[in-house]
Amino acid sequence: MVGSPVFLIAIPLLAAFLIPLLGMVWKELVRIVPGLVLAYLTFLSATLYIDVINSDTIVETIAGWRAPWGIDLVFSPLTGFLSTIMTFMGFIVWLYSYRFKRNVEFEAAKKYFIFLMLLVAASVGIVITGDIFNQFVFIEITGISAYALTAFYTGRNSAEAAFKYLVMGSLSASALLIAIIIVYAQLGTLNMAEIAANIDNMNVEYRIIAMIFFIIGIGVEAEIFPLNGWAPDAYTEAPGPVGGAFAGIVVKAGIYAMVRMMFTLFNISGPMQILIIIGMITLIIAETSALRQDKLKRMLAYSSIGQMGLVLVAFGMGTQAGVFAALFLMLNHAIIKPMLFLSGSYLEFNTKNKYIKEITGMGKKMPVVSAIFVLGALAISGLPPFSGFWSKLSVLTAAADENMILIITLVLIISLVEIVYYFRVINRLFFFDYDLEISVEPHKPGWNGMVALFVLAGIILFIGFYPSSVTGFLDLAARDLMDTHDYINNVLQLGQSIIQ
Amino acid sequence: MKKAIVILMLAVFGYFLAITFLDPQFEAERNRDGVKKFYLDKTVSELKTANTVTAIVVNFRGFDTLGEVTVLFLAATALGSILFKKRHHIGDRTVLLPASAIVGSGAKLIFPAITLLGVYVFVHGHLTPGGGFQGGTIIATGFLLMLIAYRDFSISHNILSVIESLAGIGFVTFGLLGFMNGGTFLQNFLGTGVLNDLLSGGVIPIIYILVGFKVAAELTGLIYTVLHEKG
Amino acid sequence: MDTTELIRIGVYGTSILLILIGLYAVLTKRSLIKIIIGLSIIDGGIHLLLIGIGYIKDGTAPIFSPGSENAVARMVDPVPQALVLTAIVIGFGVTAVALSLVIRLYRHHNTLKIDEIKNLKW
Amino acid sequence: MSIYEIIGGILILIGASFLFLGGLGIYRMPDVYNRLQAGTKATTLGAMSLILGVGVVKMEDSWTWIVKMAIIIIFIAISNPISSHALARAMYHRKRMPYIKGDPDKMDAYKDAVAEQEKAEDKKD
Amino acid sequence: MNYLVFIIGFLLLVLIGAALYAVYQKDLLYAVIATGVISLALTGLFLVLQAPDVALTEAAIGVALTTIIFIITIRNTVRYEDEKDNVKK
Amino acid sequence: MDIIFYITIGLLSLGMIFSIIRFIKGPTAGDRTVALDTMTTLMVAGLVLLSAVFDRFIYADVALIYGVLGFIGVIVIARYLEGAL
């Protein structure tokens, strides 16, 4: 074993506290160290994940008190899978923004990389923790770094987007805290496994109310329908790579928290229908809004919300196949959406108002970046032979198994809508006449950005041609999520007590 | 119109809260003991920490505290980042008129006392109410008093950030030392002493003192940043 | 109705009222600082609620100072207190960030009114 | 009832009545300077007396109480005058005029003047 | 009826009153001072409800720091909720 | 002894009520700040009294810290009103 899951949180925090000191020694270190840390985290997470798949779930206790009393970290096939994706995407985002033009100034770069690293670490924390209050703390850390990153550029309307995000974020955090209070008052514990084991002792009425507050609390991170008003603005106003980090990392953590709560914590008949309804509303509203957007990043943001709605619909089927499809969608979205954000950020780098019409003709000036953007667009709208196709297909098969005609039609229509609005951009990129008035000079991408984009494109193509390479992992993860009993056993019965 | 919708929403929301918390059932059905008894017992028998809340904050749920310290660290950093200006100069505060001699000498008189009080609060965190956060806040407020009373009182941002970093590193290092010695992060690996002694509780007082230094440095930096910001 | 019951209902009811008042301020007030005041009122309500959960009849603080070592049965629940401690500090961090955002918004727009700060659709 | 309790009780009652009078003074006094007198002088004495009384009452059991009470008293003795001074000075710099004793008619005139001045002053902030 | 009920009831009333005042007051400075009063009542309540740790935290953070930071923000921005009451500097 | 505590608590509450009325009535910022200052002192006394009522020595820490920090808060407001913050 190379390390313990606790290092996934402890090392980034240590590095974050260390970076101001290192910056005094050599200024370049503030840029390099976060990358090293994120690379280490990716390595650690991947190694642990392979361990977990081959043997058993790792339950790491903290401060020597086992599960119901202390805080524990659960590194299971599901959480390991998600944390590996997140740390990897964090590394890619770091690589992309390593020499990002506006970050060259020392003070700004220092803060930017601290926020980015803590954003990744706290999102991993949301996923691997086994304690609801600890999850709340990590959600707040994610939130504050996200607010700071959203307001990072002083020139734009970013403060406004960040303020909006902050108000919604703290309201939802309050709701989450109320849910925690209800659960703690009734069951006297904060541990997820203990709650899941004792949930039957709780009055159904209180269970439902606590669940509603939980959904409100996590909904902001997970971008579900009434609570996603912040998302388009934050994605638009934040620095380009940060939009990618939100879509690839933070939202995944939010979705995870939500499904963990639904599947494991609250064992009520019917939550799955709630998920389907929420997901469908989110999906329809977001995709129709994406159709009307005239700014590239805003369109991508709505598309991201829509994808999350689709993920929720797939989770809401509640079957093994549905969960599998949802995880596949999450994997694809975690890779493709950041790629779109990163390449899109290059495309519109020098435009003034970030409108789609301003990038006309970029396909000829920046062919490689544009090609990668097109690849991402095709993949996310689910065209074969790219990876997005397989995930949409698995959603369709899962729905077909359950005879959910409505969902099948919806998914097909949504795919059509997605194709329409992505082709609008592709059309602008390649097939519109070069117009001197609105066209701008291209921004020359750095080597680091190109490496990041190529790695992502390679992964998409690889998954597209060999989908069977990931389905095994996804299957294990899906089984892990479905098996509540196993989770409780793993966490609560460590065998011998390690209390002295 | 909008207000009516809001009030309707609030009514629904309040109804949900009321049927939960004001219901006598809520009290009757709850599981009173839960983890509480275990904490109270173990605090005395194993950790030898008089203040159970401190034991929970630093040891049982020490991971939360690590996150909490990170939140403050992030808030201080975010404040610097959000209020960042292109030409970054910490200009003079536009003090229109200096504080009177009474406030000045009073501040001078009371500042060491406040600092001492803060130190007392976080050193005795495991015996009496209070601890790192409270003590750190008190010290930071003392610095604020000096900043208000004297226009030329200044604190080096570098020293603050060094203290902050060292304290944070110390916290995580103690956690990792626990990992090396006992097998789990933040585990207590020192002798626990006798209940109600100053030197009891193993690593708990040490960690709380580190937290105190960190919080004091962070909040002082935060106040300093906001105070020198002229809108 | 005995005393503990009365205290319980009073504390819970007030916390709920505080949460509602704060929420009302956040949703209807047009000044940015008022919104943040609303948020901090909500926080206060929730903290009170959490402390109220832990209170028991004739309770005493969970601190084993000399002379009260034997009061274990009377001690109130220490866990909500630890949680509130964490929540207060986190709430302060969020408030500080929010206020710095307000200062920056004022720098750009020269106003605190939410209606006039609408370059993005609210 | 021991001698400690009697002395302490008397001190506590004296302190409480001074604190009450301070609160009453805040309510009754005509202008801000007078209110400052009542609100800080009387309450400082009251708080000191009350705290001393508590220390004396508890002196029967242990001496630690009176030490801590003494610390609190010292802090109050230093801090309260400073804050009231700072407030008075702030009011003076805002050119808040004091109320000059006279017949009740002047009271209304004074109130009007204060309101006027306040309006004008606050605009400047 | 014992004195605890009286103290708690009194502080709860202060709490609600101060919260309403803070929400309805047009002058932001007064609203901020009212939040200080909310913290004051909360400190007392926490002590009565046997949570001295929390009372200490609320006293340190709620009464002093939050109020101070709000006031510094008001110093940096404007004092009144209604624009027309603010005279541009 | 109990009767003394009752009377004291009653007197303190009355003082608090008068300060609150002054706080609400105003009319100026100075009056409100004076009311806040008075409330702080009253609260310090009340907290000390509560620690005596509960007979827990350690509760007095809260009063001590409340007194110190409340005073700094009042000074900040005063400096703001002076226009000198």
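Predicted model: local features only at pLDDT ≥ 70, side-chain atom pairs only at ≥ 80, totals over all residues.
Me: What about chain C and chain D: how far apart are their closest C-alpha atoms?
Reply: They lie 11 Å apart. No contact joins chain C and chain D.

Me: Which chains share the most contacts?
Reply: Chains A and B, of the 11 pairs of chains in contact. On one side are 61 residues of chain A, in contact with 57 residues of chain B.

Me: What is the area buried between chain A and chain B?
Reply: About 5,200 Å², with carbon and sulfur atoms giving 72%. Buried area is the accessible area (1.4 Å probe) that two parts lose on being put together, summed over both. In chain A, the residues that lose the most area to chain B are A:Phe17, A:Trp65 and A:Trp69. Together they give 15% of what that side buries.

Me: Why is F:Ala29 called buried?
Reply: Buried means under 20% relative accessible area, exposed over 50%, partly exposed in between (1.4 Å probe, protein chains only). F:Ala29 has 1% relative accessibility, so F:Ala29 counts as buried. The residue lies in helix H2 (residues 29–54) of chain F. Helices (H or I, at least four residues) and strands (E, at least two) are DSSP runs, numbered from the N terminus. F:Leu47 is 18 residues from F:Ala29 in sequence and 27 Å away in space, C-alpha to C-alpha.

Me: What makes up the pattern of chain F along the sequence?
Reply: The pattern is α-α-α. Chain F has three helices and zero strands. Its C-alpha trace spans about 45 × 25 × 10 Å along the principal axes. Of the 85 residues in chain F, 82% are buried.

Me: Why does A:Ser304 count as buried?
Reply: The relative accessible area of A:Ser304 is 0%, so A:Ser304 is buried. A:Ser304 sits in helix H12 (residues 296–316) of chain A. Beyond residues up to four places away in sequence, A:Ser304 touches A:Glu223, A:Tyr235, A:Ala247, A:His333 and A:Lys337.

Me: Is C:Val76 buried or exposed?
Reply: Its relative accessible area is 1%, so C:Val76 is buried. The residue lies in the loop between helix H2 (32–54) and H3 of chain C. Leaving aside neighbours within four places in sequence, its contacts include B:Lys36, C:Tyr55, C:Pro62 and E:Gln50.

Me: How many residues does the largest nonpolar core have?
Reply: The largest nonpolar core has 462 residues. A nonpolar core is a set of buried Ala, Val, Leu, Ile, Met, Phe, Trp, Tyr and Cys residues joined through side-chain atoms within 4.5 Å. A:Phe315 and B:Phe21 have the most contacts inside this core. Helix H3 (residues 78–109) of chain C gives the largest share, 20 residues. A second, separate core has six residues, among them B:Leu40 and C:Phe64.

Note on methods
Residues numbered from 1 in each chain as written. Chains lettered and ligands numbered in written order. Heavy atoms only, no water. Contact = heavy atoms within 4.5 Å.
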